[in-house]
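Visitor: I have not looked at this structure before, and I would like to learn how to read a few of its features. Could you take me through them one at a time?

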Amino acid sequence: DDQERQEVWANIQDALLNDHIDQFRAEFLELHPYDQARIFEDLEGDIRMQIYTYLSPEEVADVMEHIDYDEIEPFFTEMAPTFAAQVFAEMSTDDAVDILNELEKDKVASFLTIMDDEAADEIKDLLHYEEKTAGSIMTTEFVVVKAGMTIKEAMVHLRTEAPDAETIYYTYVIDEDKRLVGVISLRDLIISEEGWLISDVMNERVVSVSVGEDQEEVARMVRDYDFLALPVLDFQDHLLGIITVDDIMDVMEEEASDDYSKLAAISDVDSPDDNAFA
Ligand code: ATP
Ligand code: MG
């Protein structure tokens with residue numbers, strides 16, 4: 001509630017003023033990143049620069065994912081470039097790409113140069129996809145297993161991949177050529193016997209989208225099939241990424257406002273002033 005909020009806020013300010021890192025971290029990291037982002041927006045730049053020194057790149061990445069991307073530029077300009085590059089490397093690749101698309105080209109290039117090769121390469125690949133396609137909204141942090149693994153092996157693998165995966169609810173099954181051959185939900189994994197093979201349990205009829213598919217069509221499919229995520233494939237059925245339902249909610253909002261603008265434009269044309277028969 002409101003009083004609790006004010007108390008937290010007072011404690012955070014107190015910690016900042018007295019340079020108490022531990023107190024700051026204890027109070028700030030209790031908050032949901034959405035609420036952390038609201039605090040960030042209200043602070044002066046020099047205070048934020050103090051906060052960057054208190055937080056890890058991963059913790060700052062969580063905050064940045066909840067800032068309005070139209071207004072995010074100043075945040076990445078005020079960060080030390082090497083720190084900013086680490087923040088991008090820690091983000092979900094889809095969010096990193098969305099944010100980088102808002103920044104100046106030179107700045108993007110310099111961040112990518114500082115970043116380690118693996119993170120930079122993944123982001124560079126994603127930056128190439130055309131706007132409003134499945135490729136432009138997918139993320140590359142998904143979990144895959146091989147069909148010949150046992151349930152037990154798959155669970156061990158899932159445990160190591162879980163911290164960085166966008167979702168662990170679906171594990172995708174790929175063959176030797178990285179082609180998508182099946183999917184298995186966490187529920188399916190948990191209720192299966194440890195000794196069973198993935199190939200015995202997986203669903204082979206995988207609903208997927210191709211990387212060039214229009215985002216509006218992807219949104220429709222997520223809605224119709226009720227999955228929490230859909231896999232994205234290239235033209236040889238290689239698994240490139242996944243699109244999760246939270247990204248679809250952003251697409252639906254974007255498309256709704258696009259449609260609204262189009263309607264507004266049409267009603268402008270029809271307004272009496274522009275009408276030759278008026
Ligand atoms: P249920 O709805 O039966 O309780 P669930 O809650 O475990 O299942 P859902 O998200 O509803 O999981 O997915 C239902 C089933 O669809 C799961 O068995 C899952 O493996 C499978 N599935 C997930 N993604 C896909 C996909 N892209 N194409 C086809 N099947 C999928
Ligand atoms: Mg279900």
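Visitor: Which residues of α5 meet which residues of α7?

Guide: This is a predicted model, and in it P57, E58, V60, A61 and M64 of α5 meet F83, Q86, V87 and E90 of α7. Sorted by class, the contact of α5 with α7 has six nonpolar residues, one polar residue and two charged residues.

Visitor: At what angle do helix α5 and helix α7 pack, and how far apart are their axes?

Guide: The general idea is that two packed helices are described by the angle between their axes together with the distance between the axes. Here helix α5, which spans residues 57–64, packs against helix α7, residues 81–90, at an angle of about 70°, and their axes are 8 Å apart. Because angles of 65 to 115 degrees count as roughly perpendicular, α5 is roughly perpendicular to α7.

Visitor: Is α5 mostly covered or mostly uncovered?

Guide: Helix α5 is mostly covered, since six of its eight residues are buried, namely P57, E59, V60, A61, V63 and M64. These buried residues pack against α7 and also against α2 (21–28), α3 (33–42), α4 (45–54), α6 (73–78) and α8 (93–100).

Visitor: Turning to the strands, how many residues of β5 are buried?

Guide: In strand β5, residues 229–233, five of the five residues are buried. Both faces are covered, with A229, P231 and L233 buried on one side, and L230 and V232 buried on the other.

Visitor: Which strands pair with β5, and in which sense, parallel or antiparallel?

Guide: Strand β4, residues 209–210, runs parallel to β5 and is joined to it by two bridges, with V209 standing opposite V232. Strand β6, residues 239–244, pairs with β5 in the antiparallel sense over five bridges, and there L230 stands opposite I243. β5 and β6 form a hairpin with five residues between them, and D237 in that turn has a positive phi of about 65°.

Visitor: Where does T133 lie, and is T133 buried or exposed?

Guide: T133 lies in the loop between α10 (117–127) and α11 (134–137). Its relative accessible area is 10%, and because buried means under 20%, T133 counts as buried.

Visitor: What is T133 in contact with, leaving aside its neighbours within four places in sequence?

Guide: With those neighbours within four places in sequence set aside, T133 is in contact with V211, G212, E213 and Q215.

How values were computed: Residues are numbered from 1 along each chain as its sequence is written. Chains are lettered from A and ligands numbered from 1 in the order in which they are written. This is a predicted model: local features need pLDDT of at least 70, side-chain atom pairs count only at pLDDT 80 or more; totals for chains, interfaces and linings use all residues. Side-chain values use heavy atoms; hydrogens and water are left out. Axes are lines fitted to C-alpha atoms, for helices over the stretch in contact, and angles run from 0 to 180 degrees between N-to-C directions. Helices (H or I, at least four residues) and strands (E, at least two) are DSSP runs, numbered from the N terminus. Angles under 35 degrees count as roughly parallel, over 145 as roughly antiparallel, 65 to 115 as roughly perpendicular and the rest as oblique. Contact means heavy atoms within 4.5 Å. Ala, Val, Leu, Ile, Met, Phe, Trp, Tyr, Cys and Pro count as nonpolar, Asp, Glu, Lys and Arg as charged, and the others, Gly among them, as polar. Buried means under 20% relative accessible area, exposed over 50%, partly exposed in between (1.4 Å probe, protein chains only). Two strands pair if DSSP finds at least two bridges between them.
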